[in-house]
Amino acid sequence: MVVGHGLSGLVAACELAAAGKKVLIVDQESERNLGGQAHWSLGGLFFIDSPEQRLMGVRDSFDRARRDWMTTAGFDRAPNQPGSEDYWAHKWAEKYLEFAAGEKRAWLAGMGVNWVPVVGWAERGNGDVHRPGNSVPRFHLTLGTGPGVVEPFERKIRDFMRTGKVRFAWRRRVDELITTGGAVTGVRGAVLAPTNAARGHATTRQTVGDFELHAPLVIVASGGIGGNQGLVRENWPSRLGTAPDFMVTGVPAHVDGRMLGITERAGGRLVNRDRMWHYTEGLRNYSPIWPGHGIRVLAAPSSMWFDAAGRRFPTPGIPSMDTLGTLELIQKSGFDYSWFVLNKKIIEKEFVLSGSEQNPELTAKNLPLYLANRTKGTPAPVQKFIDRGADFVMGRNIDDLVKKMNGLAGRDILDSGALARQIRHRDVESMNPRSSDDGIAAIRRSHAYMGDNLFRTTPMHKIIDPSAGPLIAIKMNICTRKTLGGLQTDLSGRVIGSNGNPVPGLLAVGEASGFGGGGVHGYRALEGTFLGGCLFSGRQAGRAAARML
């Protein structure tokens, strides 16, 4: 039995069915939400030394990627000590890196998955190998975005349904794991009322009955806590101060984290609860699908980033550099939002909105149209946010812009003169070939990479340039997204109990397991690794479960 019909659950079920086993997949949502969060994702995947990297002139290696991962993860909870929080997470990281450098790409390509030839450079750090981040581009955009990653597994699952190997029990909310003699032997819970709600929309929790189901193995594939701001706040790390008063939500409401507590009550061990991944460039969606729906901006380095009071962030507060490092800066500022200041020329080339629905050409696998739209004018989804989004203002000059920024903030907190001085200083430095300004250095580093130079980074120019205007300011909110900790699992996906031994009959995959081991990413992610963690943990656990039966 698999609890959860997201990507990791589908992969585990495919492996079991391919081995001749019968699988029941249980989910509290309807068939319309098959694929879970992965459907809404941009479809980025982390590969090491791929053909796409080599095409872009990127020199990568397993050793280089391992150094980047371990530096970024910062495993510091006794990773070499059995029984510690980081013990299995560290082991999963080693195995995942081998997968990403080895058969991962060929495995997916064999199922018909393809990628955009231009590799993205997420979490690029500041170029210092001793600091967090990808020292080279590794973010491979899937043709078809998130749905394109889900598609081959959904196709297999539907084939297995026709042969009787896989069945679904939709609208079944698991409230308890059944244990018999210390082993997990099934689930019980409530039957939820039928719903016609479209994918991603919040659904009724009205109950119309009870159910109880039994199986020799139960695989928890229920996701994390990102759609439950109550749990996000409850687990907010003290090192980041107090949780923001206001956050947008980057995942649907059904990503509620309930199964984590349910599994813990059945004897599973939850570790690294305080490790989480929230974006700092969140927009309020002008056309929300789920409650508090937020969209993340993936920006290149040309925009200037200021705190709510108009003070320019120091390194690593530069777009695309270091998500959690910037989150720390925002938290220390005393405000729960920040500002991008840029111009029309920058937004035309440098803004990508995360998510399958925000990238229709790529989701439709129309690569020529996608690339064409990256090189001419403002992409249509971005223009809709400029026109209709609640977080955008435009100005003829800095005084006009600041007046509108203060109006959007609801208080006269920004000083036009102070903001102008910082922008003009940056503009002067942009023309200095020997500039020591970190933001200017980041732009030049971006231009040195062929992929960014062609499609992602605007030629160096002054922000206050009439020919590049008008000026734009964007109020950036914190956007909840991923749970980095989770149920601790061994390399077979078996859930570890409080006694340090596997709980009989119980496995976990995907975000519920911290993408493997209770936190394969440590404190920080290199990006393109969430879908990859679902794929790898689902495959590992599915194959192991087949051997156990």
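**Helix packing and confidence**

Guide: In this predicted model, helix H15 (residues 416-430) packs against helix H16 (residues 438-447) at an angle of about 45°, and their axes are 9 Å apart.

Visitor: How are H15 and H16 oriented to each other?
Guide: Their axes form an angle of about 45°. Angles under 35 degrees count as roughly parallel and 65 to 115 as roughly perpendicular. H15 and H16 are therefore oblique.

Visitor: How many nonpolar residues has the contact of H3 with H4?
Guide: The axes of helix H3 (residues 62-73) and helix H4 (residues 87-101) cross at roughly 145° and come within 10 Å. H3 contributes Phe 62, Ala 65, Arg 66, Trp 69 and Met 70, while H4 contributes residues including His 90, Tyr 96 and Leu 97. Besides one polar and three charged residues, the number of nonpolar residues is eight.

Visitor: Which element of the chain has the lowest mean pLDDT?
Guide: The mean pLDDT of the chain is 97, and 100% of its residues reach 70 or more. Among the elements, strand E9 (residues 218-220) has the highest mean, 99. The lowest, 88, belongs to helix H12 (residues 367-373).

Terms used:
Residues are numbered from 1 along each chain as its sequence is written. This is a predicted model: local features need pLDDT of at least 70, side-chain atom pairs count only at pLDDT 80 or more; totals for chains, interfaces and linings use all residues. Side-chain values use heavy atoms; hydrogens and water are left out. Axes are lines fitted to C-alpha atoms, for helices over the stretch in contact, and angles run from 0 to 180 degrees between N-to-C directions. Helices (H or I, at least four residues) and strands (E, at least two) are DSSP runs, numbered from the N terminus. Angles under 35 degrees count as roughly parallel, over 145 as roughly antiparallel, 65 to 115 as roughly perpendicular and the rest as oblique. pLDDT is the predictor's confidence in each residue, from 0 to 100. Contact means heavy atoms within 4.5 Å. Ala, Val, Leu, Ile, Met, Phe, Trp, Tyr, Cys and Pro count as nonpolar, Asp, Glu, Lys and Arg as charged, and the others, Gly among them, as polar.
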